[in-house]
Amino acid sequence: MTIIVTGGAGFIGGNYIHYHLKEHPEDRVVCVDKLTYAGNLSTLAPVMDNPNFRFVKLDICDREGVMKLFEEEKPDVVINFAAESHVDRSIEDPGIFLQTNIIGTATMMDACRAFGNVRYHQVSTDEVYGDLPLDRPDLFFTETTPIHTSSPYSSSKAGADLLVMAYYRTYGLPVTISRCSNNYGPYHFPEKLIPLMIANCLNDKPLPVYGEGKNVRDWLYVEDHCKAIDLIVRKGRIGEVYNVGGHNEMANIDIVKLIIKELGKSEDLITYVTDRKGHDLRYAIDPTKIHNELGWLPETKFADGIKKTIKWYLDNRSWWEEIISGEYQNYYDKMYGNR
Ligand code: NAD
Ligand code: DAU
């Protein structure tokens with residue numbers, strides 16, 4: 001089987017490629033990535049020499065380039081991870097989010113249609129459901145929760161999901177969608193909460209907590225997400241949405257304090273900063289459907305996953321130090337300088 005994985009030089013796509021080549025060494029994996037600020041070839045270094053792996057630098061919005069690649073590779077499956085993924089950046093500049101997340105999705109699906117209705121999986125997010133109140137721990141997102149977005153990022157992902165379902169109904173394209181909660185683990189770009197706090201802690205820099213730090217996220221170890229996607233692609237029902245999450249809700253401030261403790265630093269590093277605009281209060285996934293239909297359950301407990309993740313950042317300093325020493329510094333100053 002030949003599988004095109006878009007966004008494979010990013011956090012989850014990169015982890016997925018490592019997972020797929022380990023679990024299904026007989027498959028050919030073709031990674032398509034534009035290498036934006038979030039794409040890192042060093043994430044793929046361990047598989048670059050694998051004869052069943054090919055890297056192609058390509059924008060998923062480049063229709064001609066995408067069609068040419070499909071002609072060459074004749075893929076059996078496409079998994080679309082490629083996206084602009086950071087909420088804060090979408091608040092600063094929404095345009096590129098609409099381009100990559102919506103137009104890019106349509107371009108990949110048009111290529112799937114043009115080459116014999118190739119099986120297509122869309123990697124979406126729980127953020128399409130908006131947020132839940134902090135004082136109703138009994139409420140969870142199910143697959144039938146209405147789409148109700150807050151940020152330009154989540155709106156662009158919701159727009160893409162609507163297109164995916166439209167291609168299923170209108171053209172019969174064999175699609176599935178997964179909507180996962182917050183991931184953490186190796187190769188996570190340091191603009192996001194957990195790697196940012198680990199990197200700042202290690203550099204004894206202030207830890208910028210938005211608002212009061214009470215917002216809740218539902219954390220899942222990235223490899224558990226990869227397993228869920230692989231299961232959906234192989235055994236999921238066509239035309240269906242599957243929520244993915246492990247019932248691991250935590251307030252941001254508790255995550256930050258845990259990282260501080262693990263690294264033996266002081267809570268004096270915590271700095272409360274101006275809140276994110278439109279900040280979603282709480283995400284919480286109900287994963288009953290994927291559990292009942294496909295037997296998926298998360299395998300990594302947060303207590304173990306966060307230790308493994310911190311150890312990875314300690315053992316792979318060059319991976320993230322290279323990132324934060326470059327253009328990232330300008331981003332950081334702009335986002336946090338006067339906050
Ligand atoms: P990321 O920002 O780490 O990686 C995105 C990758 O896509 C990068 O390698 C980037 O170069 C590439 N890319 C961006 N624009 C492109 C384009 N036009 N053409 C080709 N490649 C392009 O993102 P991530 O955190 O790994 O997220 C991957 C997917 O999973 C996204 O679709 C995101 O919406 C979704 N998701 C993320 C999380 C999370 O917690 N990180 C949770 C649920 C869903
Ligand atoms: O829920 C899935 C989503 O999770 C994905 O779709 C997104 O691509 C991914 O980026 C993530 O979005 P969040 O906005 O939840 O993740 P982020 O790491 O940016 O922020 C997590 C929480 O931490 C959020 O409540 C904001 C807060 N935060 C974040 C940063 C970067 C801080 O308090 N300080 C920070 O410096």
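Contact here means heavy atoms within 4.5 Å. The model is predicted. Under that cut-off, and leaving aside neighbours within four places in sequence, Ile194 is in contact with Tyr184, Trp219, Ile255, Ile259 and Ile306.

Ile194 belongs to the largest nonpolar core, which has 41 residues. Ile194, Ile198, Ile259 and Tyr328 have the most contacts inside this core. Several elements give two or more residues to the core, among them α6, β8, β12 (249-251), α8 (252-262) and β13 (270-273). The helices α10 (302-315), α11 (317-324) and α12 (328-336) do likewise. The most comes from α6, with seven residues. A second, separate core has 31 residues, including Leu132, Leu173, Ile177 and Ala284. In soluble globular proteins, nonpolar side chains tend to be buried together.

Ligand 2 is surrounded by 23 residues. Thr125, Asp126, Tyr153, Arg276 and His279 are the closest. By class, nine residues of the shell are nonpolar, eight polar and six charged.

An oxygen atom of ligand 2 lies 2.6 Å from an N or O atom in the side chain of Arg276. Polar backbone atoms also take part: that of Ser85 is 2.8 Å from an oxygen atom of the ligand, and that of Tyr210 is 2.9 Å from an oxygen atom of the ligand. The protein covers 94% of the 690 Å² of accessible area that ligand 2 has on its own. Two or more residues of the shell come from each of α6 (193-202) and β8 (207-210). The strand β8 gives the most, with three residues.

Technical notes: Residues are numbered from 1 along each chain as its sequence is written. Chains are lettered from A and ligands numbered from 1 in the order in which they are written. This is a predicted model: local features need pLDDT of at least 70, side-chain atom pairs count only at pLDDT 80 or more; totals for chains, interfaces and linings use all residues. Side-chain values use heavy atoms; hydrogens and water are left out. A residue is near a molecule or strand if one of its heavy atoms lies within 4 Å of it. A polar contact is a pair of N or O atoms within 3.5 Å; within protein, one must be able to donate a hydrogen and the other to accept it, and residues adjacent in sequence count only if both atoms are side-chain atoms. Accessible areas come from the Shrake-Rupley method with a 1.4 Å probe; for residues, only the protein chains shown count as cover. Helices (H or I, at least four residues) and strands (E, at least two) are DSSP runs, numbered from the N terminus. Ala, Val, Leu, Ile, Met, Phe, Trp, Tyr, Cys and Pro count as nonpolar, Asp, Glu, Lys and Arg as charged, and the others, Gly among them, as polar. A nonpolar core is a set of buried Ala, Val, Leu, Ile, Met, Phe, Trp, Tyr and Cys residues joined through side-chain atoms within 4.5 Å. Buried means under 20% relative accessible area, exposed over 50%, partly exposed in between (1.4 Å probe, protein chains only).
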